[in-house]
Amino acid sequence: KQWYQRRVAITAGISHVFWPNLRNEEVTIYKPLQDYLAGEYQAAYSELKRSRTLEWKLNLGFVELDLEFEERTLSFTVSPVQATIILCFEESEKCHADTISNTVGLSLSQTRKKLAFWVTNGVLKETSKDMFELEKEVKESGGMVVEEMDSAMVKIEQVREEELEGYTNFVMGLINQSGQITVDRVHKMLSLLLSDSVAGQLTQEEVKNFLDKKVKQKLLAFTGGVYKKPK
């Protein structure tokens, strides 16, 4: 409520043309903030940049949060999802993990991992299976606690792996035509087809790992240094 009155939100606008692939995770954040971004902020941006639209990455960024208790205030820097989780206890001192999971849009197992952060830092305690409650006696943290957050960027290795998977049928077609194929041959063919950002760094080792994965999946067989259809 206090946040909503002060509108303390700083955003970063980035173009998909000049920015690397970002992690995309469908989540729901603190409702007053999400409503403000999708409403007032979006409308103001549309007036300023009529030809452009905004696509919010609500799983990214960070929140500087002060939690006020009876005897002390604890400061945290956390992800928007983590902030939303602790704000689920704003109206009630107790909350079930399943309720929180539905609120933020994460799986129950992911939600439990997020809740563990607040338990570890002495803000919450688990009173029974998946039931969490605010600690009544909160200890001094000794300064701002900063959550270790995942990188916002998708690693280029992950991008290559995903793009390689999309060419499984192409590779299988090559093998059907020739009966067998080498890593070197697959590497040369894929380097011609993959996007520049991916092909430029594609190594034979990565191609070999891709083909070996297909062997484990029993889609290919490897004998005498070549890959072929299994018998």
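Modeller: Before we start, a residue is called buried under 20% relative accessible area, exposed over 50% and partly exposed in between, using a 1.4 Å probe and protein chains only. This is a predicted model, where local features need pLDDT of at least 70, side-chain atom pairs count only at pLDDT 80 or more, and totals for chains, interfaces and linings use all residues. Residues are numbered from 1 along each chain as its sequence is written, and side-chain values use heavy atoms, with hydrogens and water left out.

Colleague: Fine. Is C95 buried or exposed?

Modeller: C95 counts as buried, because its relative accessibility is 10%.

Colleague: And how many disulfides are there?

Modeller: The count is 0 disulfides, taking a disulfide as a pair of cysteine sulfur atoms within 2.5 Å.

Colleague: What does F89 touch?

Modeller: Leaving out residues up to four places away in sequence, F89 touches K94, C95, I100, L115, L124, F132, E133 and L134. Contact here means heavy atoms within 4.5 Å.

Colleague: Which residues in the largest nonpolar core touch the most other members?

Modeller: F89 is one of them, along with F76, I86, L115, W118, V123 and L124, in a core of 32 residues. A nonpolar core is a set of buried Ala, Val, Leu, Ile, Met, Phe, Trp, Tyr and Cys residues joined through side-chain atoms within 4.5 Å.

Colleague: Which elements give two or more residues to this core?

Modeller: The helices are α2 (31–48), α3 (80–87), α4 (97–104) and α5 (108–120), and the strands are β1 (63–68), β2 (73–78) and β5 (131–134). The largest share, 4 residues, is from α3. Helices (H or I, at least four residues) and strands (E, at least two) are DSSP runs numbered from the N terminus.

Colleague: What does the second core include?

Modeller: That separate core has 16 residues, among them V171, M172, V183 and L211.

Colleague: Back to α3. Where is T84, and what is it in contact with?

Modeller: T84 lies in helix α3 and is buried, with a relative accessible area of 4%. A polar atom of the T84 side chain lies 2.8 Å from the backbone oxygen of P80. Apart from neighbours within four places in sequence, T84 is in contact with T28, I29, Y30 and V104.

Colleague: Last one: where is S128?

Modeller: In strand β4, residues 124–128. S128 counts as partly exposed, at 40% relative accessibility.

How values were computed: Polar contact = N/O pair within 3.5 Å; in protein donor to acceptor, adjacent residues only side chain to side chain.
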